[in-house]
Amino acid sequence: MKKFSFLFASLFLLAACGPTAGGGASGGGNKVEGDTIKIGMNMELSGDVSAYGNAEKEGITLAVEEINEAGGVLGKKLELIEKDNKSENGEATSVAANLTAKDKVVAVVGPATSGATKATIPNMTKAAVPVITPSGTDDSITVVNDKVQEYIFRACFQDTFQGVILANFAQDNLKAKNVVIIGDNSSDYAIGLTKSFKDTFKGKIAKEETFTAGDKDFQAILTKIKDLDYDAIYIPGYYAEAGLIIKQAREMGIDKPILGADGFGDEKLVEIAGAKNVSEVYYTGHFSEKAPATDKVTPFVDAFKKKYDKQPSAFNALGYDSVYMLKQAMEDKDSADSKDITAGLASLKDFVGVTGKMTMDKDHNPEKSAVVLGLTEGKETSADAVNP
């Protein structure tokens, strides 16, 4: 009943707010009003995947502060409007409507996750306000039914790219001929990663098991695979479940290499699994100090450590880059109105960020490199850069 009521309320808000958001697509989006440039943040600050949202918030906040200290953009300071989507797709939809219709932001950074980002597309498109998701990797975020979503962009690479990289890493670097897949069947993110891996891997899938977000006990799955003949385990999913799978697998004596995508890239993975269990674990990352993609890495790391007194993660870096991408789009078009930022993002070329040098392709995906990170006892011990 609660789910039905929430869905009804979300649909009502969409109907009520959507058509007037910034005047709708026909009105050309929102325009700069007053002495500041308002940008919105639609992030998972609480709930199941809040670690991603809070990490990206740290990067976003640092970038806004740096830009404002340097004089702002086009003579105006950036004003960040922060909203929590509670790691719920319906709430992300409502936040999108609020940011565009009530707060009149000219652009939005977030959500962090693929499902939440996809949920915001109708409202953001109706409002004609551009969005950058720092880490939403599902291929269908920017292209739906062969149609490019005009206002939707990303700062990260997409799932197809990650799945290909991991399949090649498994067979070329780990010399794996047989792989077990334990995948999250409740998220678009993990489903896409599973497909691209299976499409690329030339060896045998010894067994494929699935779980649902929120699951805690993986003993039954691990018991099924323990005595099979395989060389590695692939876990397409987020840190909460992946951390538990790694912990329980190692405690059962399963010592095979474990592969994952960028969902592994948060310190909570190691906290959940226990550092002693996180060895021979490899995942695709957007950023590494061991394999710096550009000369922006060291200044970013120094500034981040000064502000937050800790090492930055890939999600910190992606949030940071997203704001600077907006800045370059505004400067390229000499305007901070929504329609011009949209055009600037679509034509973004040779942007130098912390996570790489990138040019936006025709599908609104950045052409950039990736890195496969290796962990030993919870610490990064290897980093192999991979170009697209």
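Author: Happy to; we will take the backbone and then the salt bridges. Keep in mind that this is a predicted model.

Reader: How should I read backbone angles in general, and which peptide bond is cis here?

Author: As a general idea, most residues other than glycine have a negative phi, and most peptide bonds are trans. In this model the bond from G110 to P111 is cis, and its omega is near 5°. You will find P111 in the loop between β3 (107-109) and α4 (114-127).

Reader: Is D309 buried or exposed?

Author: D309 is exposed, with a relative accessible area of 71%. S87 counts as partly exposed, at 22% relative accessibility.

Reader: Now the charged pairs. How many salt bridges are there?

Author: The general idea is that side chains of opposite charge can pair when their charged atoms come close. The count here comes to 15 salt bridges. One of them joins the side chains of E65 and K307, at 3.1 Å from N to O. E65 lies in helix α2 (residues 50-69) and K307 in helix α10, so this pair ties together parts that are 242 residues apart in sequence.

Reader: How accessible are E65 and K307?

Author: E65 is partly exposed, at 31% relative accessibility, and K307 is partly exposed too, with a relative accessible area of 37%.

Reader: Which residues does K118 pair with?

Author: K118 meets D138 in a salt bridge of 3.0 Å, N to O. Since K118 lies in helix α4 and D138 in the loop between β4 (131-133) and β5 (143-144), the pair ties together parts that are 20 residues apart in sequence. K118 also forms a salt bridge with D188, where the closest N and O atoms are 3.0 Å apart. That pair links distant parts of the chain, with D188 in helix α6 (residues 188-200), 70 residues from K118. Through shared partners, K118, D138 and D188 join into one network.

Reader: Which of these three is buried, and which are partly exposed?

Author: D138 is buried, with a relative accessible area of 8%. K118 is partly exposed at 25%, and D188 is partly exposed at 35%.

Definitions and conventions: Residues numbered from 1 in each chain as written. Predicted model: local features only at pLDDT ≥ 70, side-chain atom pairs only at ≥ 80, totals over all residues. Heavy atoms only, no water. Helix = DSSP H or I, 4+ residues; strand = E, 2+ residues; numbered from the N terminus. Buried < 20%, exposed > 50% of the residue type's maximum accessible area, 1.4 Å probe, protein only. Salt bridge = Lys/Arg side-chain N within 4 Å of Asp/Glu carboxyl O.
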